[in-house]
Amino acid sequence: MSELASLYPQSLWQWFSEICAIPHPSKHEQALSLHIQNWAKDKGLAIVEDKVGNLIIKKPATAGMEDRKTVVLQAHLDMVPQKNADKVHDFTTDPIEAYIDGDWVKARGTTLGADNGIGMASALAVLASDTIKHGPLEVLLTVDEEAGMTGAFGVEPGMLEAEILINTDSEQEGEIYMGCAGGVDAEFSVKAQWQESAADSEAWQLNISGLKGGHSGVNIHLGRGNANKLLARFLADNSAELGLQLASFNGGSLRNAIPREASVVLMVEKQKVSLLQQKLAEYQQILQQELAAVEPSIDLSLTSVAKPSKVLSAERQQSLIHLINACPNGVMRMSDEIEGVTETSLNLGVIETTEHSIQVLCLIRSLIDSGREQVQGMLTSLAQLANVKVEFSGAYPGWKPNPDSAVMAIVNQTYQDIYQKKPVVMVIHAGLECGLFKKPYPDMDMVSIGPTIRYPHGPDEMVNIKTVGQYWQLLLAVLERIPAKM
């Protein structure tokens with residue numbers, strides 16, 4: 001990790017190196033949290049861990065700035081755990097292998113955790129400094145943002161004194177975010193009914209891999225392939241002709257990541273194996289033609305496996321395949337008000353086969369409640385047609401833009417003064433925690449900034465080194481410009 005600590009700003013990158021060294025996937029942030037708590041206590045900073053695991057660290061103003069409004073710097077402790085299929089890595093025990101590649105910092109075969117590790121490192125670096133000028137400061141580090149926003153849901157009134165919140169979870173330098181989408185999880189449950197597999201059939205595992213995946217909020221508009229949908233399409237088109245019997249369907253790992261890989265175990269009569277191979281080769285050619293611009297490395301493979309003792313009944317197999325094939329996925333509607341921004345989307349993120357059911361987990365995002373409700377209605381109708389259950393949970397609100405935001409105006413003007421160009425003021429389709437903070441703190445003025453991060457939520461994730469320095473300069477200049485309390 002020493003090579004990262006040589007980058008500018010050194011204090012930020014040193015903290016990011018420490019963060020990478022301590023495993024912290026969603027729901028496993030305890031080790032990193034304890035490390036930060038011990039450091040803060042040694043530093044003499046006031047620190048509190050709330051009942052859900054969030055950390056609140058407070059630092060007094062630097063001399064002469066005691067009259068300024070209190071600011072809270074906010075980031076989340078967890079990272080998305082995604083890796084390439086050939087990478088041996090346990091996210092709960094193994095460090096992230098970060099390295100410098102030209103203008104970027106990347107990780108070897110896994111997600112990097114720059115989302116939101118860079119933002120967290122910047123907040124901790126500000127706390128650690130004895131020279132950075134700022135008013136009264138709070139740092140809020142939330143848990144479980146990537147897997148359900150548990151920490152943000154748990155933030156209560158009275159925990160924070162700040163009037164201004166700077167969220168550090170944005171992923172494009174030169175853009176200021178003043179609003180974001182809300183969302184809700186949708187989970188289909190197909191009750192499993194099993195039957196004995198045919199005696200004269202062979203077992204094969206069909207895999208799809210090589211897809212880019214990515215963040216289902218940031219990258220959903222790019223038209224990337226969804227591994228779950230692409231496998232379901234093949235099964236819907238060919239199961240009847242080939243007489244396929246399905247033993248399992250598994251794909252994706254997170255509801256908020258576009259699935260990169262999926263697999264099915266199926267049974268096929270011996271005399272139809274060659275036809276299955278032919279159909280698969282033809283399908284791969286079709287996908288390579290359709291998705292050439294966005295998925296150049298797509299790969300379909302067929303591997304002989306041990307024969308399963310049972311397969312899904314014909315009725316349940318048909319329900320599952322048609323459900324996944326018919327389920328909407330991708331952009332539902334682009335915003336009419338904000339050019340180039342997705343208004344409503346759906347990501348069919350995870351499929352998991354268990355003894356008793358097959359679960360299909362989706363994430364609906366929308367800038368407007370009615371858009372989210374429309375998609376919920378579509379999925380409810382689909383569930384009724386397929387005769388399966390669907391449940392909605394974990395709904396979180398969007399962050400409604402405030403064009404009169406004082407802190408947004410400060411960030412905007414500060415950016416122009418430093419870089420002699422205007423930033424782009426944006427609303428992001430991804431879900432930021434700011435919307436949830438508005439419930440306990442309705443009057444808090446909020447803004448979101450960050451460096452350029454590419455391909456978050458996938459093993460190709462990388463952060464641009466130069467933009468980390470630009471983000472840092474902007475953050476420090478904004479802290480110095482925070483006005484006095486009224």
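Colleague: How many residues does the largest nonpolar core have, and which have the most contacts inside it?
Modeller: Bear in mind that this is a predicted model. The largest nonpolar core has 66 residues. Trp-13, Leu-73 and Ile-166 have the most contacts inside it.

Colleague: Take Leu-73. What is Leu-73 in contact with, leaving aside neighbours within four places in sequence?
Modeller: Ala-123 and Val-126, to start with. Then comes the run Leu-137, Glu-138, Val-139 and Leu-140. Ile-166 is on the list too, and so are Leu-475 and Leu-479.

Colleague: And the second core: how many residues, and which ones does it include?
Modeller: That core is separate and has 51 residues. Leu-231, Ile-298, Ile-364 and Val-390 are included.

Colleague: Helix packing next. At what angle do helix 2 and helix 3 pack?
Modeller: About 15 degrees, with the axes 11 Å apart. Helix 2 covers residues 30-43 and helix 3 covers residues 114-128. An angle under 35 degrees counts as roughly parallel, so helix 2 is roughly parallel to helix 3.

Colleague: Left-handed or right-handed crossing?
Modeller: Left-handed, for helix 2 passing helix 3.

Colleague: Which residues meet there?
Modeller: Helix 2 brings Leu-32, Ile-36, Trp-39 and Lys-43. Helix 3 brings Met-120, Leu-124, Leu-127 and Ala-128. By class, the contact of helix 2 with helix 3 has seven nonpolar residues, no polar ones and one charged.

Colleague: What about helix 9 and helix 11: at what angle do they pack?
Modeller: About 125 degrees, and their axes are 10 Å apart. Those are residues 406-419 for helix 9 and 465-481 for helix 11.

Colleague: Why are helix 9 and helix 11 called oblique?
Modeller: Roughly perpendicular stops at 115 degrees and roughly antiparallel starts over 145. Their angle is about 125 degrees, so helix 9 and helix 11 are oblique to each other. Helix 9 passes helix 11 in a right-handed crossing.

Colleague: Which residues of helix 9 and helix 11 meet?
Modeller: From helix 9, Ile-410, Val-411, Gln-413, Thr-414, Tyr-415, Asp-417, Ile-418 and Tyr-419. From helix 11, Gln-470, Gln-473, Leu-474, Ala-477, Val-478 and Arg-481. The residues of this contact divide into eight nonpolar, four polar and two charged.

Colleague: Staying in helix 9, is Asn-412 buried or exposed?
Modeller: Asn-412 lies in helix 9. Its relative accessible area is 17%, so Asn-412 is buried. Beyond four places in sequence, Asn-412 touches Ile-176, Pro-423 and Val-425.

Colleague: And Ile-482, where is that found?
Modeller: In the segment after helix 11. Ile-482 counts as buried because its relative accessibility is 2%. Not counting residues up to four places away in sequence, Ile-482 touches Arg-68, Lys-69, Val-71 and Ile-164.

Colleague: How many residues apart in sequence are Ile-482 and His-134?
Modeller: 348, yet their C-alpha atoms are 7.9 Å apart in space.

Colleague: Last one, Gln-317. Which helix is it in?
Modeller: Helix 7, residues 314-326. Gln-317 counts as buried, because its relative accessibility is 9%.

Colleague: What does Gln-317 touch, not counting residues up to four places away in sequence?
Modeller: Ser-239, Leu-244, Gln-245, Leu-246 and Leu-312. The C-alpha atoms of Gln-317 and Trp-194 are separated by 9.7 Å, and these two are 123 residues apart along the chain.

Definitions and conventions. Residues are numbered from 1 along each chain as its sequence is written. This is a predicted model: local features need pLDDT of at least 70, side-chain atom pairs count only at pLDDT 80 or more; totals for chains, interfaces and linings use all residues. Side-chain values use heavy atoms; hydrogens and water are left out. A nonpolar core is a set of buried Ala, Val, Leu, Ile, Met, Phe, Trp, Tyr and Cys residues joined through side-chain atoms within 4.5 Å. Buried means under 20% relative accessible area, exposed over 50%, partly exposed in between (1.4 Å probe, protein chains only). Contact means heavy atoms within 4.5 Å. Helices (H or I, at least four residues) and strands (E, at least two) are DSSP runs, numbered from the N terminus. Axes are lines fitted to C-alpha atoms, for helices over the stretch in contact, and angles run from 0 to 180 degrees between N-to-C directions. Angles under 35 degrees count as roughly parallel, over 145 as roughly antiparallel, 65 to 115 as roughly perpendicular and the rest as oblique. A crossing is left-handed if the near helix is turned anticlockwise from the far one by less than a right angle, and right-handed if clockwise. Ala, Val, Leu, Ile, Met, Phe, Trp, Tyr, Cys and Pro count as nonpolar, Asp, Glu, Lys and Arg as charged, and the others, Gly among them, as polar.
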